[in-house]
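Dear colleague,

My notes on it follow directly after.

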There are 2 protein chains.
Amino acid sequence: MTTTIKLQPVLIDGQWVNEATSHSLSSKDPNTSESIGLSYPVSSWATCELALRAAHRAFQISRNLEPSKIAAFLEDFASRIETDRDELVQIAHRETGLPKSPRLSDVELPRTVNQLRVAAEAVRNQSWQMPIIDRKANIRSCYIALGPVVVFGPNNFPFAFNSISGGDFAAAIAAGNPVIAKANSSHPATTERLGQLVAQSIHATGMPTGLVQLIYRTSHEDGERLVADPRVGAVGYTGARKAGLHLKAVADRVGKPFYAELSSVNPVVFLPGAFDERCDKLIDEYATSGLMGVGQFCTNPGLLLMVRGPKTDAFVAGVVSKYQSAPAGTLLSESVENSLVKSLEFLTHAGAECLTGGTKLAGARCAVANTVLRITGEQFLKDPHVFQTEAFGNAVLITVCDSLEQIVRVIDSLEGNLTGAIYSDTQGSDEGYYAKVADALQQRVGRLLNDKMPTGVAVSPAMNHGGPYPATSHPGFTAVGIPASMLRFGKLTCYDAVRESRLPSVLRDTNPTGKTYRCIDGVWTLE
Amino acid sequence: MTTTIKLQPVLIDGQWVNEATSHSLSSKDPNTSESIGLSYPVSSWATCELALRAAHRAFQISRNLEPSKIAAFLEDFASRIETDRDELVQIAHRETGLPKSPRLSDVELPRTVNQLRVAAEAVRNQSWQMPIIDRKANIRSCYIALGPVVVFGPNNFPFAFNSISGGDFAAAIAAGNPVIAKANSSHPATTERLGQLVAQSIHATGMPTGLVQLIYRTSHEDGERLVADPRVGAVGYTGARKAGLHLKAVADRVGKPFYAELSSVNPVVFLPGAFDERCDKLIDEYATSGLMGVGQFCTNPGLLLMVRGPKTDAFVAGVVSKYQSAPAGTLLSESVENSLVKSLEFLTHAGAECLTGGTKLAGARCAVANTVLRITGEQFLKDPHVFQTEAFGNAVLITVCDSLEQIVRVIDSLEGNLTGAIYSDTQGSDEGYYAKVADALQQRVGRLLNDKMPTGVAVSPAMNHGGPYPATSHPGFTAVGIPASMLRFGKLTCYDAVRESRLPSVLRDTNPTGKTYRCIDGVWTLE
């Protein structure tokens, strides 16, 4: 007897299409480890090919669309997400275990909606295109749409970084590109629901039907073929390092921009004066940030560096106490749980002392006890490669160094990270130390913070959610912060002696909106 | 009996160092095929390691230098090049066969000097850092120096793209990075002379001694190890496609930005109205541009597309006549000559009709007869991969199509190119055709031109000397045009709640120069 599993359809060219396959995936409720009851297809190459064709056709339209039309689409989609809030939050909560409130409903969903609206504003304004006009030479350049973007979303933000609603999606669409969204396997139903809303928005705002495709999984081979396809303009990938590097290699071979966010331990340095001044506050701030989202933030402060001093033990005990008293949150999936336990075993096996936690909690719920590990700076420097292993989840590694000089050596041994934070006293006694630590740290990170934890990633034009490899795959771009994040999906194009009537509106003599910043003969102006 | 060859020294950390090796290279005068009499070492890994150490040490200083100091260095170097003009031109002429005047002395050398001075101005002004300030969130970002840059210069511009004086060099240094220059093997003596001037400038302006290193060649293995080294921030490569892709793969594997300019046939489309209006002028313009620098420009208009019409044969005959009557210039090297002959054989074997030229000229001089090949659009579309092979040198391929639609199909079959040009009539009869052709072409090229040949690459802030792969390795960057070209060698860095006194000067509340454009709360301003 064969059981036929009903598979949810994929979204291709505006249609929900059923796949004829027996390969499927389904997500589980990490609070109960029970299936949520829906199965999703592993798409065939034939489906990928249809997705590519639809995206390619849509690109021929989308890249020439009036900015106001793309903006209207993004705004319509944002509104539909808002209207659908209860349902979306319900589904996402079930699939990810993230709390409905405040996290999903009051923080992440509004952030997602806001991102889409800020992107809409950026499209309308057109300043993102960075128009540069040299009137004397009659040479003009700007960024234009690059081509369909394949977006792989991560597990940790089912709305704000979802491949079909998140930062990469918003940036790619806003820059005039169709998207082929590959759902994260840990929240397919959330992604499907967002896909339904996106399909409605495409219809309602008259977008080309192939503006957005949604698939759930492919074979590794087809995934590689997809990102390497000549019809694809770029790839946005946020997720596990190994799979990301594999896809990146394929894209690199054919010269395709592959924007990856792979891993980061986000070093935090507490300078001596800060300890003297506000040890208790540091305990609070660090523990709160480290446990935020059950430690599953890209910017989780996973590596703490400090110099051994009179308050060291009290501080460590304070963090341990916070980690022990806080309930261990539900992790996103069994896979996150397994991977966290494995990382912790790896680190303790390498010599890290486990001060609390370290093991899976009993029961069906995906959860690991809040974990604090400790090593010395000497240990770290003996094997920096090992001790900067990311333990994704509710675990931190406190590295107690002999001296500030040792902290600098530890920093120099780090790979690229998204963020680095330095806490110092408010009266200036740490200033000399600060200079040395900051000088080393800013070479290793995309964002340097003072007296602030890295877990907040504001959607600001000045934000850099990026960093040297392997935090990301290119040190010159950010994945958060509009309009800067849109440049990843733009093609720099120069118009040399092109007749005025043939220029993109953003490069003509008259400012297209009256509000578009353009650099004309070396002067940034609205004129 | 062993003959000991005296080898010229390499420049490491401010010192001219002799290499203990018997592996060497030397350049020849392409006008006589005689050696110019100097031998250069193939450097060992030990030398590469010294170069890396010196560059790394220098970077710790250069990235924090006052902009005015870097500017002073660039200006000092520019002046030394000007003062040394006669000697430099003499050496470069001998090694490259390029005419002393106007080419080397009156065009390329002044361009090189100008580039260095424009770069100096950009450093002083600091606008290149793209400072973005969000006052409310107190988040501020800008580009800062990325790390030592390895520059591989091409054969075709011994000054303007030389690894130790050209565009990549100027951009890398201006962004605060040391350079490890790898001389092009076809003009080591020119590069050595420039290296002597650079070393003087480093000394005279008090730069860190390791700001510039110069080596001439390494083994392939050591070259790969060099670009992959963690101390290297980025690589600039202009040259042959195969070697470039090999190095790129190595850099990609370790997530290192590798800016390559690899090959381009630079399609030119003559629309029917342009023919009707000014056929003779088109013949002139095309032949002049195609033979400029003996066709050895990156932007050489190697592929001409036109629709068969009443003037086709007259036009083709006109170009052939120009190519026959113009003297065949001296090619840069035997290697360019061999490669050109091979490409021409490849294209004719594939079915291109050789209307004139096609073979090496008799004698010791490196020269190939000026060559015009012709095929039909149908032939092109049968094997687009073959017919867009770059024949680097004084050769062009005229593709006569059946229709405008066929031209668009040919364009759609092209890889990425640096440039694409469209000629149309001045009265508007080509306008409908133009839209279709331009729409296709602008997706394939970095720079779109109207009624203008692509061989002029103005040093303008609006210039894009870039384009989709494989013209370059990233569609978002330009190698010419300051300050834009500097961004390739910058690291985007965000300062989140960083105390004002600790910020880079460009991000503090007060404008550091009064002339630095910064985007403050969404407004580009000098305030």
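Across the interface of chain A and chain B there are 10 salt bridges, a salt bridge being a side-chain nitrogen of Lys or Arg within 4 Å of a carboxyl oxygen of Asp or Glu. Glu431(A) and Arg502(B) form a salt bridge in which the closest N and O atoms are 2.8 Å apart. The side of chain A that touches chain B draws at least two residues from each of helix H1 (45–62), S7, S8, helix H8 (241–253), helix H15 (431–441), S21, S22 and S24 of chain A. Helices (H or I, at least four residues) and strands (E, at least two) are DSSP runs, numbered from the N terminus. By residue class, that side of chain A holds 30 nonpolar, 19 polar and 16 charged residues. Here Ala, Val, Leu, Ile, Met, Phe, Trp, Tyr, Cys and Pro count as nonpolar, Asp, Glu, Lys and Arg as charged, and the others, Gly among them, as polar.

Please note that this is a predicted model, in which local features need pLDDT of at least 70 and side-chain atom pairs count only at pLDDT 80 or more, while totals for chains, interfaces and linings use all residues. Residues are numbered from 1 along each chain as its sequence is written, chains are lettered from A and ligands numbered from 1 in the order in which they are written, and side-chain values use heavy atoms, with hydrogens and water left out.

To continue with the interface, 65 residues of chain A are in contact (heavy atoms within 4.5 Å) with 65 residues of chain B. The two chains bury about 5,400 Å² between them, 50% of it on carbon and sulfur atoms; buried area is the accessible area (1.4 Å probe) that two parts lose on being put together, summed over both. Strand pairing also crosses from chain to chain: S21(A) pairs with strand S22 (residues 490–496) of chain B in the parallel sense over three bridges. Two strands pair if DSSP finds at least two bridges between them. In this arrangement, Arg447(A) stands opposite Cys494(B) in S22(B).

Over all chains, the whole structure contains 54 salt bridges. One of them joins the side chains of Arg135(A) and Asp521(A) at 2.8 Å, N to O. Arg135(A) lies in the loop between strand S7 (132–134) and strand S8 (139–145) of chain A, and Asp521(A) in the loop between strand S23 (518–520) and strand S24 (523–525) of chain A, so the pair ties together parts 386 residues apart in sequence. Arg135(A) is exposed at 56% relative accessibility, and Asp521(A) is partly exposed at 39%. For these terms, buried means under 20% relative accessible area, exposed over 50%, and partly exposed in between (1.4 Å probe, protein chains only).

A further salt bridge links Asp168(A) and Arg488(A), with the closest N and O atoms 2.8 Å apart. Since Asp168(A) belongs to helix H5 (residues 167–174) of chain A and Arg488(A) to the loop between strand S21 (445–450) and strand S22 (490–496) of chain A, this pair ties together parts that are 320 residues apart in sequence. Asp168(A) is buried, with a relative accessible area of 7%, and Arg488(A) is buried, at 3%.

Lys322(A) and Asp284(A) form another salt bridge, their closest N and O atoms being 2.6 Å apart. Lys322(A) is in helix H10 (residues 312–325) of chain A and Asp284(A) in helix H9 (residues 272–291) of chain A, so the pair ties together parts that are 38 residues apart in sequence. Lys322(A) is partly exposed at 33% relative accessibility, as is Asp284(A) at 36%.

Gln213(A), in strand S11 (residues 212–215) of chain A, is buried with a relative accessible area of 0%. Leaving aside neighbours within four places in sequence, the residues in contact with Gln213(A) include Leu11(A), Asp13(A), Ala51(A), Ile164(A) and Val179(A).

In chain B, the buried residues of helix H14 (residues 404–412) are Leu404(B), Gln406(B), Ile407(B), Val408(B), Val410(B) and Ile411(B). These buried residues pack against several elements of chain B, among them strand S15 (267–270), helix H9 (272–291) and helix H12 (377–382).

With kind regards
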